[in-house]
Amino acid sequence: MQPDAPVAQKPGEILVFFVRGDTKCAECGKELFSGSMLTLEKERGALCLGCADLHHLEFLPSGDAAVTRRATKHSKLRAIVLQWSRTRKRYERQGILVETAAIEKAEAECLEDADRRKRQAERSALRAAELDQAFVEQFAHAIHEQFPKCPISDANRIAEHACLKHSGRVGRTAAAKQFDPNAVYLAVAAAIRHEFSNYDQLLLKGIERFQARARVRDAVERKLRAWSN
């Protein structure tokens, strides 16, 4: 048995395939029926999981990314399980083979922080719904053009923050939508004020906003100059 199409395989990566048509293990002669698993070796051909020394691993189906990620991390040996898709004419990932103990540990960890991950997913979904991604990318590009030394990661974060729908932030103004330099400047200055100065701490101490801004003005302007030059 050979793959119907080339399969990209990273160095050190083990690939296992669901059997499509009945075949035999090239080493032990065991019958491999449709739905069972095999791996392919250049020299020996199709091998059952026993001959490939993978029989002690347990199949973890795709579906829960957190469990898969953690089980992969905890398992000393692992393999990716693929199945041929007749409609898409390619192999598609169905899950992984990992040690049973790794699955159990991953599931226990996921139970411990399930609520936190659920809240994170809900926040991420809400944020994604509120962002116009194309506009955010254009705004981030405008930031980087005006402040060429601003790190790309900072420009992207500032753009996302400024462009949230219904936020009333500068990125949602008519001027920002035309990428007016002043609107871009105000968005960057606001981000620097919050992230690179003690502005927020001053507000927490009860200092009035205009006074807090005055105290951090020099620090904000220094950062703006550093990102501009």
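A disulfide is a pair of cysteine sulfur atoms within 2.5 Å. That cut-off matters for the first close-up of this predicted model.

**View 1**
The structure holds 0 disulfides. Take Cys-28. Its closest cysteine sulfur belongs to Cys-25 and lies 3.7 Å away, too far for a bond. Cys-48 is in no disulfide either. For Cys-48, the nearest cysteine sulfur is that of Cys-51, at 3.6 Å. The surroundings can be stated too. Cys-28 has 45% relative accessibility and counts as partly exposed. Cys-48 has 6% and counts as buried.

**View 2. The whole chain, for orientation.**
The chain has 229 residues, and 35% of them are buried. Its secondary structure comes to 9 helices and 8 strands. Take the contacts with a separation of 6 or more: 52% of them join residues 24 or more positions apart. The chain exposes about 14200 Å². Carbon and sulfur atoms supply 50% of that area.

**View 3. The buried side of helix H5.**
Helix H5 spans residues 152–162. Its buried residues are Asp-154, Ala-155, Ile-158, Ala-159 and Ala-162. They cover an arc of only 130 degrees around the axis, so they sit on the same side of H5. An α-helix has 3.6 residues a turn, so residues three or four places apart point the same way. What covers the buried residues of H5? The cover includes helix H4 (133–146), helix H7 (181–195) and helix H9 (209–228).

**View 4. Helix H5 against helix H7.**
The axes of H5 and H7 are 10 Å apart. The two helices pack at an angle of about 105 degrees. That makes H5 roughly perpendicular to H7. On the H5 side, the residues that meet H7 are Arg-157, Ile-158 and Ala-162. On the H7 side, they are Ala-187, Val-188, Ala-191 and Glu-195.

**View 5. Helix H4 against helix H7.**
How do the axes of H4 and H7 cross, and at what angle? They come within 10 Å and cross at roughly 90 degrees. H4 and H7 are therefore roughly perpendicular to each other. H4 contributes Phe-139, Ala-142, Ile-143 and Gln-146 to the contact. H7 contributes Pro-181, Ala-183, Val-184, Tyr-185, Ala-187 and Val-188. Ala-187 and Val-188 of H7 also meet H5.

Terms used:
Residues numbered from 1 in each chain as written. Predicted model: local features only at pLDDT ≥ 70, side-chain atom pairs only at ≥ 80, totals over all residues. Heavy atoms only, no water. Helix = DSSP H or I, 4+ residues; strand = E, 2+ residues; numbered from the N terminus. Buried < 20%, exposed > 50% of the residue type's maximum accessible area, 1.4 Å probe, protein only. Contact = heavy atoms within 4.5 Å. Areas by Shrake-Rupley, 256 points an atom, 1.4 Å probe, with all protein chains shown as cover. Arc of directions from axis to C-beta. Axes fitted to C-alpha atoms, helices over the stretch in contact; angles between N-to-C directions. Parallel < 35°, antiparallel > 145°, perpendicular 65-115°, else oblique.
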